[in-house]
Amino acid sequence: MEENHNTILKQAVRAVLKPQGLLQKGSSRIWVDDNGWFFTIVEFQGSWCDKGSFLNVGMHHLWSDWESLMPVCGICDTRQFGWAGYKGDGEAFAQQVTALAETALARVLEYRKAADPKAAKIIPLVNDGIAPFWAAWNQLLTAALAGDAALCCALEREVFRKLEIIPIQGVEALLDQYLPLLNRPKQLQRRLLEKIASQRAFWRSKPGLKRLAVHPIYR
């Protein structure tokens, strides 16, 4: 009987990621590394036409209202890690998946260095193709969380430049929520902390993430 490739994949990934403190979202192919104000998302993405997995790794900022965990942007490309394909040989497939998982772990450890927003604020973010606006926007809010008002003002120009390249419908409400507070950095920082706490509570209520810890700063 042919082995189930999903079972092989999940077992191989779990052996690499679980001992390092990542949480699997239920029984899905998504793993979460908690960095307080953002999650590093590790996604073993399937294909509609073949058995196997791509690998996506990136940041999910917790001031966002995304209702799906996805690597929207990151400190480097989020979606260029190759492919592990299942061709009926379970052992060979497990080896390929283990290599992908080890690649993911190396990237996760890099993202952990950005857990301090004061260190992360100067790291240029790369978008994953959704829209260049999101990388610029998340970088601005990272600077705001770090309390760097001058950097926020500089990044505001970049945000609008990105919107001119690819306009995003409905983003005005998001801009109106935060940009008027750029000249009141403490209030902006407080609003971000409240939003992060709310999103952490939201994700902690979801199946598969109930073990998400209460963070000493971000709750």
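1. Strands β2 (residues 30-34) and β3 (residues 38-45) run antiparallel, joined by 5 bridges. Strands here are DSSP E runs of at least two residues, numbered from the N terminus. Two strands pair if DSSP finds at least two bridges between them. W31 stands opposite V42 in β3. The two strands form a hairpin with 3 residues between them. In that turn, G36 has a positive phi of about 85°.

2. The model is predicted: local features need pLDDT of at least 70, side-chain atom pairs count only at pLDDT 80 or more, and totals for chains, interfaces and linings use all residues. Residues are numbered from 1 along each chain as its sequence is written, and side-chain values use heavy atoms, leaving out hydrogens and water.

3. β2 also pairs with β1 (residues 23-24), antiparallel, through 2 bridges. L23 faces V32 in β2. This hairpin has 5 residues between its strands, and G26 in the turn has a positive phi of about 60°.

4. Why is β2 largely enclosed by the rest of the structure? Because 4 of its 5 residues are buried (under 20% relative accessible area; exposed is over 50%, partly exposed in between; 1.4 Å probe, protein chains only).

5. There are 9 aromatic pairs (Phe, Tyr and Trp rings, six-membered ring for Trp, with centres within 6.5 Å; planes under 30 degrees apart are stacked, over 60 edge-to-face, the rest tilted). The F54 and W83 rings have centres 4.6 Å apart and planes at 55°, so this pair is tilted. F54 lies in β4 (residues 52-61) and W83 in β6 (residues 83-85), so the pair ties together parts 29 residues apart in sequence. F54 is partly exposed at 35% relative accessibility; W83 is partly exposed at 31%.

6. Ring pairs also link W66, F133, W134, W137 and Y178 into a cluster.
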